[in-house]
Amino acid sequence: MTVHEYFNKHSNVAIAFSGGVDSAVLLALAKRHAKAVKAYYVKSPFQPQFELDDAIDIARRLDVELEVMALDILTDSKIAANPANRCYYCKNRIFNAICAAAARDGFAFVCDGTNASDDVADRPGFKALGELGVLSPLRECGYTKAMIRNLAREYGLPVADKASYACLATRIPTGVAITADVLAKTEKAEDELRKMGFVNFRVRYLDGAARLELSARDFELFYAKKDSVFAALSPHYNGVYLDLKERADE
């Protein structure tokens, strides 16, 4: 099925919008092919501010209405406890909120940015989407990550080369309780590294310390700026460690 055929069949769509390249291209396609579209962004302690800033910018560029909904996800004890299937509970909570808002606004379908390159078998959150009837047009129409990035460049979207980003909760080991304080220090730490020019990286929480995961392109930068990295992170962590295994670049 072509994307035009897809949105002709599902012509009234609400887009779960994250500010990443997948949902940005999905929103652009829906804007071009659907009869009615609105974007919904759920702001919780799991999402850093730059993701919301990107979402607002993309929605403005595409001239699509964006609703930002605040959600205190940590009030759910099943999520805060951080079990192995935390993503299932989190997606359920977030998409229930989006589905309710979409129904209120008269939208018949809710869509997310899962694509054909995503391994849904390894994503507990995808189960929650299926239970709620959320659609994944990019996946269903065969759009791979490479195709999506090419479309983003064609459409002139500034997130075309944006690194994939998992929520801040993924920086905390499974079974370790998630707190607002750890999420906040993680966001601040990653913001500091981003300002230094790091691109595809993670700052993992490890018993009060920071464990840095870097892609190959960022290792050279780290050795050039290691003193600055330590100075930025040491006030917030009891140690700063470098994982010598390289993160995969997309």
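These legends describe close-up views of a predicted model.

View 1. The strands follow the order 3-2-1-4 and pair in parallel. Strand 3 (66-70) and strand 4 (109-111) are at the edges with a single partner strand each, so one side of each has no neighbour in the sheet. From one strand to the next, the twist averages 25°. Strands of a sheet pair through backbone hydrogen bonds, in either a parallel or an antiparallel way.

**View 2. The pairing of strand 1 with strand 2.** Strand 1 covers residues 12-16 and strand 2 covers residues 36-43; 5 bridges join them in the parallel sense. Opposite Val 13 stands Val 37 of strand 2.

**View 3. Two helices against the sheet.** Helix 2 (residues 21-33) packs on the sheet and touches strand 1, strand 2 and strand 4. The direction of helix 2 makes about 165° with that of strand 1. Helix 5 (residues 86-104) lies across strand 1, strand 2, strand 3 and strand 4. Helix 5 runs at about 145° to strand 2.

**View 4. Tyr 88 and its contacts.** Tyr 88 is part of helix 5. With a relative accessible area of 18%, Tyr 88 is buried, because the cut-off for buried is under 20%. Leaving aside residues up to four places away in sequence, Tyr 88 touches Pro 124, Gly 125, Lys 127, Ala 128 and Glu 131. Gln 49 is 39 residues from Tyr 88 along the chain, and the C-alpha atoms of the two are separated by 23 Å.

View 5. A disulfide is a covalent bond between the sulfur atoms of two cysteines. A search of the whole structure finds 0 disulfides. For Cys 99, the nearest cysteine sulfur is that of Cys 111, 10 Å away. The sulfur of Cys 141 has its closest cysteine sulfur in Cys 111, at 9.9 Å, which is too far for a bond. Cys 141 is buried, with a relative accessible area of 15%.

**View 6. Aromatic rings.** The whole structure holds 7 aromatic pairs. One of them joins Tyr 6 and Phe 7, edge-to-face, at 5.7 Å centre to centre with 80° between the planes. Both of these residues, Tyr 6 and Phe 7, are buried. The ring centres of Phe 198 and Phe 201 are 6.3 Å apart and the planes are at 65°, so this pair is edge-to-face. Phe 198 and Phe 201 are both buried. Phe 219, Phe 222 and Tyr 223 make up one aromatic cluster.

**View 7. Charged ends over rings.** The charged end of Arg 171 sits over the ring of Tyr 165, at 4.9 Å from the ring centre. Over the ring of Tyr 237 sits the charged end of Lys 185, 5.5 Å from the centre.

Methods:
Residues are numbered from 1 along each chain as its sequence is written. This is a predicted model: local features need pLDDT of at least 70, side-chain atom pairs count only at pLDDT 80 or more; totals for chains, interfaces and linings use all residues. Side-chain values use heavy atoms; hydrogens and water are left out. Two strands pair if DSSP finds at least two bridges between them. Helices (H or I, at least four residues) and strands (E, at least two) are DSSP runs, numbered from the N terminus. Axes are lines fitted to C-alpha atoms, for helices over the stretch in contact, and angles run from 0 to 180 degrees between N-to-C directions. Contact means heavy atoms within 4.5 Å. A disulfide is a pair of cysteine sulfur atoms within 2.5 Å. Buried means under 20% relative accessible area, exposed over 50%, partly exposed in between (1.4 Å probe, protein chains only). Rings of Phe, Tyr and Trp (its six-membered ring) pair if their centres lie within 6.5 Å; planes under 30 degrees apart count as stacked, over 60 as edge-to-face and the rest as tilted. A charge sits over a ring if NZ of Lys or CZ of Arg is within 6 Å of the ring centre and within 35 degrees of the ring normal.
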